[in-house]
Structure formats: structure tokens, C-alpha cells
Amino acid sequence: MKKNLYIIDTMAMAFRSYHAFGARPLTTASGQPTSALYGSLSFILSLIEKEKPDYLLFATDTKEKTFRHTLYPEYKANRDEMPEDLAAQIQPLYELIEILGCPLLKMPGFEADDLIGSLVTQYRSDDLHHFIVSGDKDFMQLINERVSLYAPKKAQEALIINKDQVFEKFGCAPIHVIDALAIIGDSSDNVPGVRGIGEKGAAKLVCEFGSLENIYANLAKIGNQRQIEALKTGQEQVYLSRELVTIKTDIPLNFDLESSTFSAAILGNGQLEEFCERMEFKSIVSRVNRIAGSASGESKLVLTKTKAANSSDEKPVEEKTAPSKKKKKTSLFDDIDADQGVEVKKVERVFNPNYKQVNTAAIWREVVDKWQKSSVAAFDTETTGLNIVSDVPIGLSLSFEKGHAYYLPLADEHFPSELNRKEFMTQLKKMFASPDIRKVAHNLKFDLQMLKNIDIDVAGPYGDTMIAAYLVESAMPSYGLDSLCLNVLEFKKIPISELINVKKDESMLSVPLDLLTEYACEDADYTLRLYDCYFPQLEEKKLWHLFETIEIPLVPVLANMEQAGIYVDKKTLASLSRLLDKKIAEAEEKIYKEAGEEFNINSTKQLQYIMYEKLKVHEKVGITRLKKTKSGFSTDVSMMEKLSDHPLPQVILDYRTLAKLKNTYVDTLPELIDPKSGRIHTHFNQTGTTTGRLSSNNPNLQNIPIRSTLGKEIRKAFRAPSSDCVILSADYSQMELRVMAHVAKEKSLVAAFLAGEDIHRSTAAKVFGVSIDDVDDNMRANAKAINFGIMYGMGPQRLARETGVSMNEAKLFIEKYFEGFPAIRKFISGAIEDAKRKGYTETITGRRRSLPDIKSDNRMLQVAAENMAINTPIQGSSADIIKKAMVDLSLELQAKKAKSRILLQVHDELVLEVPQDEIAMASEMVKRVMESAVTLDVPLLTEIGYGENWLEAH
């Protein structure tokens with residue numbers, strides 16, 4: 001078995017413990033503050049008792065400034081001085097660590113983060129797993145197969161964060177977390193980041209583009225104009241931020257791992273008891289003795305030694321039990337983190353008498369009777385886990401009226417003996433197959449998948465309170481059931497952390513049945529209450545048609561797509577990985593050759609030295625204006641491209657591209673193949689964007705590269721599982737331009753689409769005042785930039801930068817564009833005015849996007865909102881169209897009992913798996929259905945392709 005090494009971030013533990021007591025700190029009778037010491041020791045004991053570390057050590061900061069302060073003098077400048085009563089506890093805390101026999105890592109000029117990062121990177125062993133004990137998200141950049149983050153949580157079990165949890169938070173591998181953190185910034189450390197882009201926005205950008213360099217190289221592809229402007233404004237700060245948040249892993253450590261070997265038996269050496277006596281921790285001594293006794297194999301009362309008051313003789317004495325003269329402070333314990341080991345006062349739970357467990361035939365008949373008489377049933381499943389392929393329900397809750405609910409146990413160990421399982425399941429299947437009752441759930445897709453795993457098909461009509469809330473208000477921070485209950489219904493639900501430790505894969509079957517019943521019934525009950533809250537608003541805001549005809553019918557379509565998954569060939573990826581290894585090595589050799597020495601290519605500092613000091617690349621290519629960051633001249637993509645007449649910057653760009661392909665996709669995708677199905681099962685999120693577009697995560701398959709030659713090779717791995725099938729790709733052509741022509745009612749643009757003209761060539765003819773036959777490639781390229789940029793608020797500055805023309809020429813191009821297409825200018829001004837009047841903008845289906853900043857006094861926020869008012873009707877309408885096409889196509893495939901099935905949706909493209917004998921039928925059907933999904937003033941054009949893999953099909 002692997003041994004475990006726990007590395008505790010000492011200052012983080014001390015601050016957390018100190019603040020846990022709030023305004024009621026602990027002190028000794030003489031007034032010495034002890035809150036941080038008490039909380040820290042309690043937490044350490046809890047860790048020792050629960051996790052039984054083989055190795056235990058601590059790392060801490062020092063008072064000296066670090067290299068980060070040299071890099072950025074304002075680093076942590078906004079932090080207050082450490083409170084005096086906490087500062088007074090630091091030296092005793094170090095004493096406590098010494099008593100425990102644990103090493104304490106300290107090094108002037110470096111933070112604990114850097115020492116920890118260097119330790120887990122340099123001390124590698126297949127037999128050792130590192131646990132970094134801290135709640136700091138910066139440590140996520142260090143996570144790999146042998147390093148986890150052990151994050152303490154208040155009143156909950158500690159959260160064990162592995163690679164999967166990093167993917168959940170950032171949508172990318174740990175290696176890319178640094179770039180996400182650089183964008184987010186950190187107000188507590190005064191790391192600037194990019195102002196106006198938070199965790200969600202940063203995660204999405206890094207997930208889509210993979211790195212800061214690629215984000216800045218692809219600004220034009222970012223659909224959020226506010227983000228584009230924020231990134232431009234914050235470009236200097238974000239690269240500085242990346243250096244500030246990057247944890248060092250190369251500090252030379254003179255460290256012997258065996259020195260951190262830990263045994264809980266050391267707790268019984270008498271020194272810790274003396275420390276507790278001195279700090280007046282009376283309640284902890286017995287706990288210390290119990291843990292020490294257990295470690296040394298003793299079950300009897302452990303006797304400790306203490307010196308007699310006036311004698312050098314020692315004698316064994318039992319722990320003193322006399323009450324302290326100081327006022328008892330047990331009420332303080334309620335505020336301490338449970339994961340710090342302090343016993344939290346338990347409150348006896350009062351169960352809702354209207355929540356019933358179905359454990360008799362009479363109660364089951366009651367449920368069936370209510371089902372038959374009701375028009376709406378809210379339901380929820382409790383499951384063995386979250387894997388949509390292999391997990392199954394252990395129970396089902398139902399609610400037909402507010403405040404009342406039933407829990408139906410399904411697991412063998414819970415199933416009531418009074419009921420016949422076969423008859424029960426037959427009746428249950430019949431109930432869910434009935435079209436006479438609306439089945440409502442919160443995140444319906446998951447419940448459909450879980451019930452399908454036990455052969456229960458749920459027939460419509462459906463309702464999903466998560467989607468209803470999303471349509472009513474598209475910009476809420478969370479649509480989770482607990483969050484909506486708290487923020488909308490002002491009710492705090494039972495947190496799942498009270499039942500199980502999810503991160504340790506504890507099963508819901510371990511929960512006492514009465515508590516499980518209460519928890520499950522509460523889910524169904526409050527789902528019904530949310531239904532009563534949100535469904536009238538769908539009618540009031542004219543969103544019911546969108547809900548009922550697109551979003552809800554799409555739920556079972558996505559459920560089936562996710563469970564189907566897509567086959568990914570490991571051999572293809574392994575071959576590509578080897579090729580990338582070879583090319584990366586070749587690129588490294590070229591870099592070293594051009595540099596005249598070997599260095600860390602990924603180190604900004606070292607690269608700056610090579611390029612700007614040693615080789616003076618900028619002077620050799622005649623570039624005098626250099627972009628500068630706090631750390632020196634920039635080495636980002638834009639600067640590398642500017643200097644690419646010299647061979648070194650160009651090969652560095654090649655190296656970065658190769659490394660990203662390998663680390664983000666080629667080496668990561670095989671790890672995400674489900675062992676049971678042999679396929680990758682992404683999750684499609686209907687509530688993840690404000691425009692209505694679907695997003696994909698775990699993994700994000702909407703971001704598989706397509707532009708570069710090697711990037712395209714990744715798509716070869718996505719293939720049909722056998723020669724009996726093909727992959728079919730159906731892609732809408734110029735969807736957003738066609739939607740813009742329709743919503744703007746621009747006759748010239750509509751006419752060009754109706755005539756089947758090359759739309760960019762047609763636009764160029766109008767802008768440049770020439771016949772369509774006289775349009776050259778340069779004119780067409782400029783027109784294309786305007787066509788795609790105008791809907792995202794492109795101004796002359798951006799157009800000039802993207803096309804290489806002067807600012808005056810760019811202004812002239814835009815003016816001529818609006819002269820040629822006056823209805824588009826009118827649409828833009830009208831969209832802004834409508835949004836100011838209504839406070840929101842709409843798509844062609846009535847989907848709303850709230851724009852609270854449209855009247856902001858902050859001009860930057862106002863401009864961003866105005867751009868959203870323009871592009872949301874276009875981008876959101878495009879999203880609605882492909883969703884409608886997915887619903888229609890799924891229904892027609894079902895009607896024909898075809899074996900072809902939809903696997904992926906990627907922006908304006910659908911990917912299907914099609915049997916060889918259905919290719920002609922599927923090609924015709926897909927093209928016809930997609931092109932007739934809605935009726936616009938212009939035709940929708942769909943391009944169809946198929947082959948043995950995704951690349952061939954596209």
C-alpha cells in the first residue's frame with residue numbers, strides 16, 4: 001500500500017483556527033491568547049486520528065520579503081498586520097510542532113507554498129502520496145496522480161481534491177490552473193488579475209483556449225466583448241499575475257523524508273500533556289491519551305507523568321479532572337470548524353411527520369392513488385454515485401403537494417419486506433410511463449439517466465425547475481437546488497455533507513434510513529415548491545413556448561447523448577503522443593541551438609534573459625517598441641509573433657503549441673474513458689451560458705482543436721467503434737451571419753444569401769464599390785473580418801489590428817459597410833435602445849438575457865452591456881436554432897426506429913454515429929431537419945460529411 005505524507009500549511013491553519021472563534025477568543029486565566037493554538041491542535045489531532053499519516057510535516061512563511069515582492073512591490077500590500085493576539089501564538093505553535101516531532105520547513109525569501117511545491121515535486125516515489133493540507137486554491141496547480149489537496153471545510157469533512165475536482169472547477173488540467181488563476185487574480189494577496197473576469201469566466205477562457213498566450217492570440221474568437229476589452233486592458237497585469245501565482249517547484253531542499261516519519265504514539269510522551277496543561281486545554285488531554293494509547297496498542301487508561309510541585313521525583317498520575325477556575329467556554333465550540341477536530345454541539349433533529357417512508361403496502365397504495373389523481377409529481381433520485389453509465393438509484397422520492405412527500409426505497413437492503421418487488425417495479429414503470437401527469441425534477445436529465453439504468457423510462461410531459469429558473473433569470477450565480485432554496489425560498493436544506501463524505505466515495509446506503517428519508521423527501525418537496533414559484537413566471541414573461549418546445553424536449557435528447565458517449569481510440573492518441581514527444585524534443589533542440597545554451601523554456605525570466613539580454617532578438621529584427629510587463633519585456637504570443645522574423649520566437653511558438661496539444665488533450669483524454677463503456681461521456685450543460693448556448697464539461701469536447709494540422713489529428717481518435725458504422729458531421733454554414741441578416745431585415749444581405757453568393761465577396765463588393773468579379777482575396781478577407789466582427793461591437797481599432805490596415809482605412813471600411821447595409825446600423829441602435837427600455841434583450845424565440853449594466857454610469861460596463869444587446873439576439877438565436885434541430889432530429893430518428901444516434905453538439909455542428917446501411921437516410925434526414933428547424937428570411941444551409949473518424953467527417 002502507498003504511504004501518505006501530509007504537509008500542513010501552518011499559517012493557513014493558524015489563521016483559520018484563530019478566526020473560527022470570532023469575537024469570543026480563548027485565553028488562559030492569565031490572559032494569554034490560545035484560540036489559534038487550541039484550534040490548530042484540535043485539527044492536528046483530528047487529522048492524526050482520521051488519516052493516520054505515515055509522514056507529517058509543516059511548512060511556514062517567514063517575515064522576510066520574497067522574490068514576489070521584488071517582482072511586484074504591491075504584492076500583499078493591502079494585508080493588515082497580523083493581529084497581536086495571533087502573533088503571540090506563533091512561537092508556541094512552533095513549539096507544539098516540535099513536541100510532535102515533526103519537521104518545520106522555513107526558508108527566508110520564500111513562502112510556504114513554494115516550499116510545499118518544491119517538496120511534492122522533488123520527492124517522488126510510486127509508494128508515496130502527498131496530501132497538501134490547505135484550503136488555498138493556488139495549490140491546485142500542483143495536483144497530479146500522486147499529489148492531492150486536503151482542504152479543511154467548516155462543519156464538514158475535509159475536501160479531498162484530485163484531478164477530477166480540478167476539472168470540475170476550472171474545466172482544465174491542473175497544469176493549466178496557473179493561467180486561470182492569473183486571470184482571476186487574488187484580492188487577498190493583491191494579485192491584480194484581469195479586472196471584471198471572475199472564476200467562471202476565467203475557467204471558460206482557459207478551458208477553451210488552453211493558455212494565456214492562446215487566449216490573446218484568439219481574442220477575436222471570444223464572444224464576450226466585455227471580456228475582450230478587459231483582457232486588452234489587463235494584458236500587462238495578467239502576465240505579471242501569472243508569475244505571482246506560480247508556485248516554485250525548484251527550491252533546493254536539504255530534506256530527509258524519513259525525518260518526517262510519524263507515529264501517534266509520540267503523543268503519549270508527556271510533553272504534549274504538559275503543553276496542554278500550560279495552555280489550559282483540559283478537555284484535550286484525555287483525547288491525546290486515547291489517540292496515543294490506541295497507537296501503542298493499549299486499551300487501558302493511559303497514565304501520563306507530571307512533576308510534583310516541590311520535588312524532582314516523578315510519579316504516574318491520572319489526568320486531573322478538577323474544573324478550571326476560568327469560566328467554562330464550551331459555547332465557543334459551536335463556531336469551530338468540525339474538521340479541526342473540535343466537537344460541535346449536536347442538535348436533535350425533528351423529522352417532518354408529513355415525510356413518509358414507503359415501508360408498507362398501505363403507504364404504497366396511498367402513493368399510487370395520489371399519482372393517479374394528481375396532475376404534477378415532483379421527484380428525485382438518491383443514487384449509488386454520479387456516474388451516468390454505472391451508478392443506479394437506491395431510492396426515489398415523490399411529492400404531490402407542498403410540505404408532503406414519500407420516499408420509496410429501491411436498494412435490496414432497504415426494500416420493505418411487505419411488498420413484492422416484481423409487482424412494485426411493474427407498477428412504478430407504469431406510473432412513469434403515463435402521459436397524464438407532469439414529472440418535475442431539478443436537473444431532470446440526471447434523474448432520467450439514473451432511472452434508465454434500472455429500466456424505467458420516464459415519459460413526458462416533463463418539468464425541470466433548474467431550467468425554469470435559468471430561463472426566468474439567466475444570470476444567477478448558481479441554479480443548484482440548495483442554492484435556489486436558500487436564495488429564493490429562504491430555506492436551508494439538509495446539506496449532503498451531513499450525510500456522507502462525497503470526496504471519500506461514501507455511499508448513501510450508509511446513511512440511516514430515517515435521515516435518508518428526510519433528506520430525499522425534502523428534495524422532492526422543495527422541487528415542487530420551486531415549480532410553484534417559477535412556472536407561473538414562465539407564462540408571465542412569455543417564456544413558456546421556449547421552455548415547452550425547445551428546452552424541455554432537449555433534456556432527454558442530451559440525456560441519451562451523454563449516456564451514449566463517443567468512442568475514442570487510445571492507440572491513435574498514444575501514437576500521436578509519441579509523435580508530439582518527438583516534435584517537442586526537436587523544438588527544444590532548436591531552441592537550445594538558437595539560444596546557444598539549455599535553459600527552462602517555460603520560465604519567463606530565463607526566456608526574457610535569452611531573448612532580450614543575451615541575443616537581443618528585438619534589435620536583430622529591428623523592433624524598437626516592446627511590450628513590457630512588471631517582470632520585464634513580454635514573452636507572450638503577440639510579442640513572439642511580432643519578433644518571429646528571428647527563428648527563436650517562432651520555434652518557441654511551435655513548442656508551446658505542441659506542449660499544449662499533448663498536455664491538454666492527447667495525454668488527458670485517455671484517462672477520461674469510462675472503463676465500463678469504453679467511451680468518453682461528456683456532460684452538456686443547459687444552464688451554463690447567458691446566451692443559451694450549450695456548454696460541455698468533464699471533459700469539454702466542444703474545444704477539440706480543428707485549425708492546426710496536429711490539432712486536427714486529435715479528431716482522428718474520435719471514431720466509429722467498428723467498420724459497421726461511420727461518424728457523420730452536420731455543420732450549419734455561416735449561421736450567425738444568416739441570423740443577423742434575418743433579425744436586422746437587411747435586404748441586401750438577405751438577397752445575397754438567397755442568391756447563394758459568397759457572402760464575404762458580396763460584402764466586399766459593397767464596401768469597396770466594385771463588381772463582385774473584381775473582388776480580390778485581400779478585399780474578401782477585410783470584408784470577412786467586418787462581417788463577423790460587427791455583431792460583436794468591432795471598432796476601427798480592432799479592425800485595423802486584425803486586417804493590418806490603418807486606423808483611417810478601418811474607419812472608412814466600417815462607414816462604407818453601414819452605408820451598404822443601413823438596416824444593420826438600424827438594428828444595432830434599435831437593439832441598444834430596446835435593451836435600455838426593457839432592461840434585457842431577446843432572441844427570436846423569446847429567450848431573455850438581463851442587462852443590468854445597460855444604464856450604468858460606468859462607461860466600460862455600459863459599452864459591454866450594449867455589445868451584449870447586439871450579439872445576444874444573434875448568438876442566442878443561433879443556439880435556439882440548433883437546439884430545435886436536435887429535438888426535431890431526435891424525434892424523427894425515433895419515429896423511423898433508426899439506429900443512428902446523436903453523440904455531440906459543438907457550436908453549430910452535430911456529430912452522429914451512423915450504421916453503414918443508414919448513411920444515405922441519415923444524411924438526407926439530418927440535412928432536411930436542420931435546414932427546416934426554423935423559418936428565416938434567408939435559407940439555412942447545412943454541410944454534411946462522414947467518414948471513419950471525426951476528422952474525415954468534418
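1. Along the principal axes, the C-alpha atoms fill a box of roughly 110 × 85 × 60 Å.

2. This is a predicted model, in which local features need pLDDT of at least 70 and side-chain atom pairs count only at pLDDT 80 or more, while totals for chains, interfaces and linings use all residues. Residues are numbered from 1 along each chain as its sequence is written, and side-chain values use heavy atoms, with hydrogens and water left out.

3. The chain has 36 helices and 26 strands, which are DSSP runs (helices H or I, at least four residues; strands E, at least two) numbered from the N terminus.

4. Of the 954 residues, 55% are buried, that is, under 20% relative accessible area with a 1.4 Å probe, protein chains only. Among contacts (heavy atoms within 4.5 Å) with a separation of 6 or more, 69% come from residues 24 or more positions apart.

5. Ser878 lies in helix α34, which covers residues 859–895, and this serine is buried, with a relative accessible area of 0%. Not counting residues up to four places away in sequence, Ser878 touches Arg693, Met735, Glu736 and Val739.

Key
Buried < 20%, exposed > 50% of the residue type's maximum accessible area, 1.4 Å probe, protein only.
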